[in-house]
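Please read these notes alongside the sequence and the model.

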Amino acid sequence: MFSNCGTEFRECFYLFARSGQIKTLDELTTTMRSLGMSPTIQELNKYLKDKGGKMSFADFLDVMHIHSRAEDLPREIVDAFKAADNAKKGTIPAKQLRHMLLHWGEQLSNKEVEQIFREANVTPNGQVQYEDFVKIACAPVPDYY
């Protein structure tokens, strides 16, 4: 999976892990996020703890592999939208999306749906490009620590 990324991963690892090992949460956060990953602080703490508080390059590759599988959730959501998109337009009516968010799964409140729609620039009677919507809705909340 990472064969084409090996050089980029190595360069990034050694750029931020100046001692040749990742030893701090800040080093791990910066390295993973600079490679396009979006781990939460909770995930980062667990990865560092699981590796005994420090990571070699091999440990880091292992963590990147584990985390990349965890970040496939948006793809699964888009695939679900595609399966229901009989016309293959890549859109869903905003009213239908609102209904799904309010009544299915972990139901959101009206206020939460309004906030998500605002952030995703969804108009109440419009069509929603579901791939763009999923990217915005699944983006991690910034971690402040």
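**Notes on helix packing**

1. H6 crosses H7 in a right-handed manner; a crossing is right-handed if the near helix is turned clockwise from the far one by less than a right angle, and left-handed if anticlockwise. Helices here are DSSP runs (H or I, at least four residues), numbered from the N terminus. On the H6 side the contact (heavy atoms within 4.5 Å) involves Ala94, Leu97, Arg98, Leu101 and Leu102, and on the H7 side Asn110, Val113, Glu114 and Phe117. Sorted by class, these are six nonpolar, one polar and two charged residues. Ala, Val, Leu, Ile, Met, Phe, Trp, Tyr, Cys and Pro count as nonpolar, Asp, Glu, Lys and Arg as charged, and the others, Gly among them, as polar.

2. The model is predicted: local features need pLDDT of at least 70 and side-chain atom pairs pLDDT 80 or more, while totals for chains, interfaces and linings use all residues. Residues are numbered from 1 along each chain as its sequence is written, and side-chain values use heavy atoms, leaving out hydrogens and water.

3. The axes of H6 (residues 94-103) and H7 (residues 110-119) lie 10 Å apart, at an angle of about 135°. Axes are lines fitted to C-alpha atoms, for helices over the stretch in contact, and angles run from 0 to 180 degrees between N-to-C directions. H6 and H7 are therefore oblique to each other (under 35 degrees is roughly parallel, over 145 roughly antiparallel, 65 to 115 roughly perpendicular, the rest oblique).

4. H2 and H3 also have axes 10 Å apart, with an angle of about 115°, and their crossing is right-handed. Leu25, Leu28, Thr29 and Met32 of H2 meet Ile41, Leu44, Asn45, Tyr47 and Leu48 of H3. This contact has seven nonpolar residues, two polar and no charged.

5. Which residues of H3 (residues 41-50) are buried? They are Ile41, Leu44, Tyr47 and Leu48 (buried is under 20% relative accessible area, exposed over 50%, partly exposed in between; 1.4 Å probe, protein chains only). These residues lie on the same side of H3, because they cover an arc of only 125° around the axis, taken from the directions from the helix axis to the C-beta atoms. Gln42, Lys46 and Lys49, on the other side of H3, are exposed. The buried residues pack against H2 (25-34) and H4 (57-70). Glycine 52 follows H3 and has a positive phi, near 75°.

6. Histidine 67 sits in H4 and counts as buried, at 1% relative accessibility. Leaving aside residues up to four places away in sequence, histidine 67 touches Met32, Met37, Ser38, Pro39, Glu43 and Tyr47.

How values were computed
Helix = DSSP H or I, 4+ residues; strand = E, 2+ residues; numbered from the N terminus.
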